[in-house]
Amino acid sequence: MSTFTERQQRRTKLAGTLLFLEIRATSMPEVLRIVNDTKNWTSNGVEYIGVPFEFKAPDDKAGQTPRAQLVMATGGASITEDLEALAPNELLQGRLMLADRANPDLYQRVWTLPMTNVSTGNGQATAQLGVEHFMRQQACLLRFNEFTAPGLF
C-alpha cells in the first residue's frame with residue numbers, strides 16, 4: 001500500500017483528499033462537524049455532514065490586516081440555525097483535518113483555526129480566520145484607577 005504523499009503525487013489519483021472541519025463555540029450545544037464534499041462521511045466513528053466549503057486568500061491592501069476567510073454553503077437549516085444563534089463577537093474554534101479518501105480515519109495534517117465575524121446570507125456562511133481578535137485585546141484585563149482601587153488614588 002502506498003503512502004498519502006505518494007498517492008497525492010501521482011499523475012492519475014486513485015483517491016482524492018478530504019477536508020474535515022469541526023467548529024466549536026461555548027454557546028453551541030454540539031460540535032458542528034462538516035466535510036468538504038457533497039456526501040456525508042464517517043471518520044473515526046463520527047459522522048460529518050457533507051457541505052462544500054472553501055478558503056479565500058487574504059486581500060493585499062495597504063493599511064489593513066490581511067485576513068483569510070472561510071466560505072461554506074448552508075444547504076441545511078440546522079447549520080444556519082446554529083450559526084445565527086451565536087452571541088455577538090463570539091469566538092469560534094475550528095479544527096481542520098486533512099485526510100485521504102482511501103483512509104478517512106487517518107488525519108495527515110491538523111490545523112487550529114480561530115474564527116470571528118461569522119455571518120450568514122444568500123445560502124452561504126462566512127467567517128474570518130486569524131488571531132487578530134486576540135492581538136487587539138488589552139494586555140491587562142483589570143486596570144487600577146480611581147474606580148477599581150479608590151484607596152490608591
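Of the 153 residues that make up the protein chain, 33% count as buried, in what is a predicted model.

**Overall fold and surface**
- When contacts between residues at least 6 apart in sequence are considered, 49% of them join residues that are at least 24 apart.
- The protein chain has an accessible surface of about 10,200 Å², and carbon and sulfur atoms account for 51% of that surface.

**Nonpolar cores**
- The largest nonpolar core has 20 residues, and the members that touch the most other members are L21, I34, M72 and M115.
- Two or more residues of this core come from each of strand 1 (17-24), strand 2 (32-35), strand 6 (68-73), helix 2 (77-84), strand 7 (92-100), strand 8 (103-121) and strand 9 (124-129), with strand 9 giving the most, namely three residues.
- Leaving aside residues up to four places away in sequence, L21 touches a set of residues that includes L32, I34, F53, L70 and M115.
- There is also a second, separate core of eight residues, and among them are L18, F20, V35 and M97.

**Residue T148**
- T148 lies in the segment that follows helix 3 (132-135), and, not counting residues up to four places away in sequence, T148 touches L142 and R143.
- T148 counts as partly exposed because its relative accessibility is 42%, a value between the 20% and 50% cut-offs.

Technical notes: Residues are numbered from 1 along each chain as its sequence is written. This is a predicted model: local features need pLDDT of at least 70, side-chain atom pairs count only at pLDDT 80 or more; totals for chains, interfaces and linings use all residues. Side-chain values use heavy atoms; hydrogens and water are left out. Buried means under 20% relative accessible area, exposed over 50%, partly exposed in between (1.4 Å probe, protein chains only). Contact means heavy atoms within 4.5 Å. Accessible areas come from the Shrake-Rupley method with a 1.4 Å probe; for residues, only the protein chains shown count as cover. Helices (H or I, at least four residues) and strands (E, at least two) are DSSP runs, numbered from the N terminus. A nonpolar core is a set of buried Ala, Val, Leu, Ile, Met, Phe, Trp, Tyr and Cys residues joined through side-chain atoms within 4.5 Å.
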